[in-house]
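Please read the following alongside the sequence and the coordinates. The account goes from a sheet to a metal site, then to the domains and their cores, and ends with some local backbone details.

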Amino acid sequence: MALKIYNYLSRKMERFRPVNDGRVHMYVCGPTVYDHSHLGHAKTYVAMDVVVRYFKYRGYQVRYVRNLTDVGHLLDSGEDRITKGARRDRIEPMEVVDTYIKSFHDDMDTLGVLRPSISPRATCHIPEIIKWVQGLLDWGYAYESEGNVYFSIEKFPEYGKLANRKLDDLEAGARVDVREEKHHPSDFALWKRAEPEHIMRWDSPWGEGYPGWHIECSVMATKYLGQPFDIHGGGLENIFPHNECEIAQAESYHQGVPFANYWILVGSLTVNGMKMSKSLGNSLTIQDALKLYSPEALRYFILSSHYRGPIDFSRDALQAAQRGMNRMLNTVQKLRFRMDDALPAGTAILAQVAALEDYREDFNAALDDDFNTPQALATLFEFTREVNRQLDENDDISMGTLSAMDKIFRDLAGTVLGILPENLEERLGGALVGKLVDTLVELREEYRASREWSKADTIRSRLNEMGIVLEDSPEGTTWRLK
Ligand SMILES: [Zn+2]
């Protein structure tokens, strides 16, 4: 089956055709590193991570570029976000940058988000940026005004094609705060004059200054990925003006060559039904959330709704995600215990394995359909139920069949969705601990048989404190993790 992507540029489902066979070149707008990352970042980068993981799993060679904005992204007040961080933390701007790059990487590593192939920084590409700004000036797409260089959107008639906005509407909407030095109210800065108090500044043909926010993405994406490249991703909140400006700059600089062929934009995250914002006091950092929930549960929660749509973070939703995760992890653990006990020479029974592989096909079909992770998770849970059923009903499943089951879990839940911890045995206590729990359960059975109830209850309650639940039934006692 062919992989289809909902392309924001055409607002249609389109079959994925890479620029180069077998390769995917992909760019995603990264964070501005002046503060800890919040849950909105988690949603965007986990969603894009599954896109990357799926392409790799399907055999593509992926070059994934995700930038780090370390200059030029201004607040509405006109202050550079990095400068704001420096003032707040009373440290150098580049100390701010390094502090929050580390924080961002730590968060992403914990969430199982694979590191990109390249994480370019704006401040490391100032010469390239100056070259682009000069080129856009030379070819008449930009103009200089008192040390600032602006892109003239009237020179790029397609401006607005990604966000579906018309030039005329833009003018009407923005006329109120038209700045004298701009020709059109929506013209945007490629290069900004550095005021005396601005710390980050570089020499340029237009005096000391620093780049505007949008230009870094056009420059760095095409430097490492070529033009056109395959996929541009990011949060939907950046579609306008940021992504629109990226297109205008790159397609003007490269004389009409398309910038990116497919645009994948990720919907927003709300908290208890409200937009997350610092002023509302409901802004939740990834680190806050990880104090309450496991990284796999957070990923599972994010992937349980389609990436394009919004998702609402609430305690109930996260607890449901945690329960779902535990169900699957318990089954994987049970399966691996059985593998420890299975006879070594058992071969896979072909009919059984073929039936299991149907689940993999359904899973792939879901992700081929614009990375439909909720559907993929539903298939994974059908598979989990099937494995459970077979483990319960069938005492002599061969080692080969058990390994085939485990491989499907590793591939789908592990490699593609990133929700199967690699150190599951460690996390769940390992095979040795499993055997120790079995021994305690047997001991408790003996106490029960000899009516030594208080000793039997002590074992149960001590195990319960450790998160291990015993379940008694006429066939005997089984145990599972809470
Ligand atoms: Zn960007």
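This is a predicted model: local features need pLDDT of at least 70, side-chain atom pairs count only at pLDDT 80 or more; totals for chains, interfaces and linings use all residues.

**Sheet, zinc site and cores**

F151 has F188 of strand 7 as its bridge partner.

Which residues coordinate the zinc ion? The donors are C29 through SG, C217 through SG and H242 through NE2, at 2.0 to 2.1 Å. Their spacing in sequence is C-x187-C-x24-H. C29 belongs to the loop between strand 3 (23-28) and helix 1 (39-57), while C217 belongs to helix 6 (residues 213-225), so the pair ties together parts that are 188 residues apart in sequence. C29 and C217 are both buried.

The protein is divided into three parts: domain 1 (19-292), domain 2 (320-427) and domain 3 (430-481). Between the C-alpha centres of domain 2 and domain 3 the distance is 26 Å.

Nonpolar side chains tend to be buried together in soluble globular proteins. Here the largest nonpolar core has 134 residues, and F55, F313 and M328 have the most contacts inside it. Helix 1 gives the most to this core, with 11 residues. Because domain 1 (19-292) and domain 2 (320-427) both give residues to this core, it lies between them. Leaving aside residues up to four places away in sequence, M328 touches L380, F381, T384, F409, A413, I419 and L420. A second, separate core has eight residues, including V441, I468, L470 and L481.

Helix 9 (residues 295-303) is mostly covered, with nine of its nine residues buried. Among them are P295, E296, R299 and Y300. P295 is also a contact of T110, which touches L290 as well, not counting residues up to four places away in sequence. T110 lies in helix 3 (residues 93-110).

The remaining points concern the backbone. Most residues other than glycine have a negative phi, and most peptide bonds are trans. A cis peptide bond joins Q227 and P228, with omega about 0°; P228 is in the loop between helix 6 and strand 9 (229-235). Another cis peptide bond, between F240 and P241, also has omega about 0°, and P241 lies in helix 7 (residues 239-253). P241 and T110 are 131 residues apart in sequence and 31 Å apart in space, C-alpha to C-alpha.

N164 is not a glycine, yet its phi is positive, near 60°. This residue is in the loop between strand 6 and helix 5 (167-174). With a relative accessible area of 55%, N164 is exposed. N272, likewise not a glycine, has a positive phi of about 50°. The loop between strand 11 (269-271) and strand 12 (274-275) holds N272, which counts as exposed at 55% relative accessibility.

Conventions. Residues are numbered from 1 along each chain as its sequence is written. Side-chain values use heavy atoms; hydrogens and water are left out. Two strands pair if DSSP finds at least two bridges between them. Helices (H or I, at least four residues) and strands (E, at least two) are DSSP runs, numbered from the N terminus. Donors are N, O and S atoms within 2.8 Å of the metal (3.2 Å for Na, K and Ca); water is not among the atoms, so sites may look incomplete. Buried means under 20% relative accessible area, exposed over 50%, partly exposed in between (1.4 Å probe, protein chains only). Domain bounds come from an automatic or database domain assignment. A nonpolar core is a set of buried Ala, Val, Leu, Ile, Met, Phe, Trp, Tyr and Cys residues joined through side-chain atoms within 4.5 Å. Contact means heavy atoms within 4.5 Å.
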